[in-house]
Amino acid sequence: MGVGGTLDYLSELLSGGSRHRSYKKKRKQFQTVELKVRMDCEGCELKVRNALSSMKGVQSVEINRKQYKVTVQGFVEPHKVVKRVQATGKKAEIWPYIPYNLVAHPYAAQTYDKKAPPGYVRKVDAIMPVASYGTGAGAAQEERLTTMFSDDNPNACSIM
């Protein structure tokens with residue numbers, strides 16, 4: 001038995017418990033889980049609300065049917081909340097939108113979503129690659145723009 005094994009054995013012996021009791025389940029963190037769930041009527045809303053309210057650890061359930069947004073607060077895990085809603089027969093996903101003013105390019109093809117609620121765009125991790133000058137795609141783009149108005153370019157702008 002190595003040093004680590006000996007220490008584990010001694011700590012188990014001193015605690016007086018079995019190995020299974022020493023590994024207690026970690027308490028879940030209080031968190032807010034936002035979901036996108038398509039609901040068309042009061043019946044759908046009630047079905048989702050009842051399913052989520054009966055979950056262990058749920059403190060509150062707020063539903064905005066117009067935006068298809070469900071907000072659950074409590075000691076829950078996001079993937080379990082999604083599974084519970086999907087068990088009702090509804091399509092559910094983690095809320096995919098963020099306010100458009102938090103995005104550098106809200107009307108870029110990846111972020112703009114016509115199904116998004118007003119004032120929101122789709123959450124995308126990296127929209128535009130940021131390249132330093134002199135390397136990569138950024139340098140090629142910069143050179144193309146500078147040669148467009150160059151005197152050496154025969155197809156340059158004739159206005160100048």
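**Close-up 1. Glutamate 45 and arginine 49 share helix α3 in this predicted model.** The two residues sit 4 residues apart, which is about one turn of the helix. They form a salt bridge, and their closest N and O atoms are 3.3 Å apart. Glutamate 45 has a relative accessibility of 16%, so this residue counts as buried. Arginine 49, at 27%, counts as partly exposed.

**Close-up 2. Glutamate 45 also pairs with arginine 65.** Here the closest N and O atoms lie 3.0 Å apart. This pair links distant parts of the chain: arginine 65 belongs to the loop between β2 (58-64) and β3, while glutamate 45 is in helix α3, 20 residues apart. Arginine 65 is partly exposed, with a relative accessible area of 29%. Through shared partners, salt bridges join Glu45, Arg49 and Arg65 into one network.

**Close-up 3. A salt bridge connects lysine 69 and glutamate 34.** Look for their closest N and O atoms, 3.4 Å apart. Lysine 69 counts as buried at 12% relative accessibility, whereas glutamate 34 counts as partly exposed at 30%.

**Close-up 4. Helix α3 packs with helix α4.** The axes of α3 (residues 42-53) and α4 (residues 78-86) are 9 Å apart and meet at an angle of about 135°, so the two helices are oblique to each other. α3 passes α4 in a right-handed crossing. Val48, Ala51 and Leu52 of α3 make the contact with Val81, Arg84 and Val85 of α4. By class, that is 5 nonpolar, no polar and 1 charged residues.

Terms used
Residues are numbered from 1 along each chain as its sequence is written. This is a predicted model: local features need pLDDT of at least 70, side-chain atom pairs count only at pLDDT 80 or more; totals for chains, interfaces and linings use all residues. Side-chain values use heavy atoms; hydrogens and water are left out. Axes are lines fitted to C-alpha atoms, for helices over the stretch in contact, and angles run from 0 to 180 degrees between N-to-C directions. Angles under 35 degrees count as roughly parallel, over 145 as roughly antiparallel, 65 to 115 as roughly perpendicular and the rest as oblique. A crossing is left-handed if the near helix is turned anticlockwise from the far one by less than a right angle, and right-handed if clockwise. Contact means heavy atoms within 4.5 Å. Ala, Val, Leu, Ile, Met, Phe, Trp, Tyr, Cys and Pro count as nonpolar, Asp, Glu, Lys and Arg as charged, and the others, Gly among them, as polar. A salt bridge is a side-chain nitrogen of Lys or Arg within 4 Å of a carboxyl oxygen of Asp or Glu. Buried means under 20% relative accessible area, exposed over 50%, partly exposed in between (1.4 Å probe, protein chains only).
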